[in-house]
Amino acid sequence: MNEPLERLHEAGLRLPEAPRPLGSYVPAFRAGGLLYLSGMLPLRDGEPLATGLVGEDLDVGAGRAAAEAAALNALAVAHAEVGLAEVAAVVRLAVHIACPPAFHGHAAVADGASRVFDLAFAPVRHARLAFGAASLPAGMPVELDVIMALR
């Protein structure tokens with residue numbers, strides 16, 4: 001039984017194919033009981049779901065949707081690496097948001113990713129930080145830094 005996948009399916013969410021790295025690195029690294037994921041981007045079929053700055057080129061809703069897509073990619077990578085049933089929880093989530101200096105909606109954007117992880121691993125919740133960035137890879141609006149605890 002794979003409870004995280006079942007919970008996601010019940011919520012109408014499906015894992016995409018795990019995205020390929022955009023450079024010379026591995027998608028995930030297992031160290032002891034933790035799985036460290038490389039930066040997760042909002043890619044679909046190898047292409048950016050969105051580009052631009054949240055609060056300038058994109059509204060908060062589009063930023064939240066990009067964070068959700070990046071979180072689903074993170075789960076897809078974890079599933080490809082160890083099997084999602086082996087993941088006990090997300091320990092920490094850091095959400096990098098490409099935005100102008102005056103932007104203040106970081107938490108609302110990050111909630112897109114948190115919602116996905118909360119659905120997958122309920123009732124366990126994660127620690128989180130969210131912060132602005134001047135730019136992110138390929139001009140994408142969000143990038144996630146995810147650390148997972150393994151069973």
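Predicted model: local features only at pLDDT ≥ 70, side-chain atom pairs only at ≥ 80, totals over all residues.
Q: How should I read the packing of two helices, and what are the values for helix H1 and helix H3?

A: Two packed helices are described by the angle between their axes and by the distance between those axes. Here, helix H1 covers residues 3-10 and helix H3 covers residues 106-121, and their axes come within 7 Å and cross at roughly 120°. Because of that angle, H1 counts as oblique to H3. The crossing in which H1 passes H3 is right-handed.

Q: Which residues of H1 and H3 meet, and how do they divide by class?

A: From H1, the residues Pro 4, Arg 7 and Leu 8 meet Val 116, Leu 119, Ala 120 and Phe 121 of H3. Sorted by class, the residues of this contact are six nonpolar and one charged, with no polar residue among them.

Q: At what angle do the axes of H2 and H3 cross, and what is the handedness of the crossing?

A: Helix H2 spans residues 60-81, and its axis comes within 6 Å of the axis of H3, crossing at roughly 35°. The crossing of H2 with H3 is right-handed. On the H2 side, the contact is made by Val 60, Gly 63, Arg 64, Ala 67, Glu 68, Ala 71, Leu 72, Ala 74 and Leu 75, while H3 contributes Ala 108, Val 109, Gly 112, Ala 113, Arg 115, Val 116, Phe 117, Ala 120 and Phe 121. By class, the contact of H2 with H3 holds 13 nonpolar, two polar and three charged residues.

Q: What is the volume of the largest pocket, and which residues line it?

A: A pocket is an open space, whereas a cavity is one from which a 1.4 Å probe cannot get out. In this model the largest pocket holds about 190 Å³ of space. Its lining is formed by Pro 16, Glu 17, Ala 18, Pro 19, Arg 20, Leu 22, Leu 43, Arg 44, Asp 45, Gly 46 and Asn 73. These lining residues divide into five nonpolar, two polar and four charged.

Q: How many cavities of 30 Å³ or more does the structure hold, and what lines the largest cavity?

A: The structure holds one cavity of 30 Å³ or more, and the largest cavity has a volume of about 90 Å³. Around the largest cavity stand Pro 19, Arg 20, Pro 21, Leu 22, Tyr 25, Pro 27, Gly 39, Met 40, Leu 41 and Leu 43. By class, this lining has eight nonpolar residues, one polar and one charged.

Definitions and conventions: Residues numbered from 1 in each chain as written. Heavy atoms only, no water. 1 Å grid on protein atoms, 1.4 Å probe; cavity = no way out; pocket = protein on both sides within 12 Å on 5 of 7 lines; lining within 4 Å. Points joined across faces, edges and corners; volume = space filled by probe spheres on them. Nonpolar A, V, L, I, M, F, W, Y, C, P; charged D, E, K, R; others polar. Axes fitted to C-alpha atoms, helices over the stretch in contact; angles between N-to-C directions. Helix = DSSP H or I, 4+ residues; strand = E, 2+ residues; numbered from the N terminus. Parallel < 35°, antiparallel > 145°, perpendicular 65-115°, else oblique. Left-handed = near helix turned anticlockwise from the far one by under 90°. Contact = heavy atoms within 4.5 Å.
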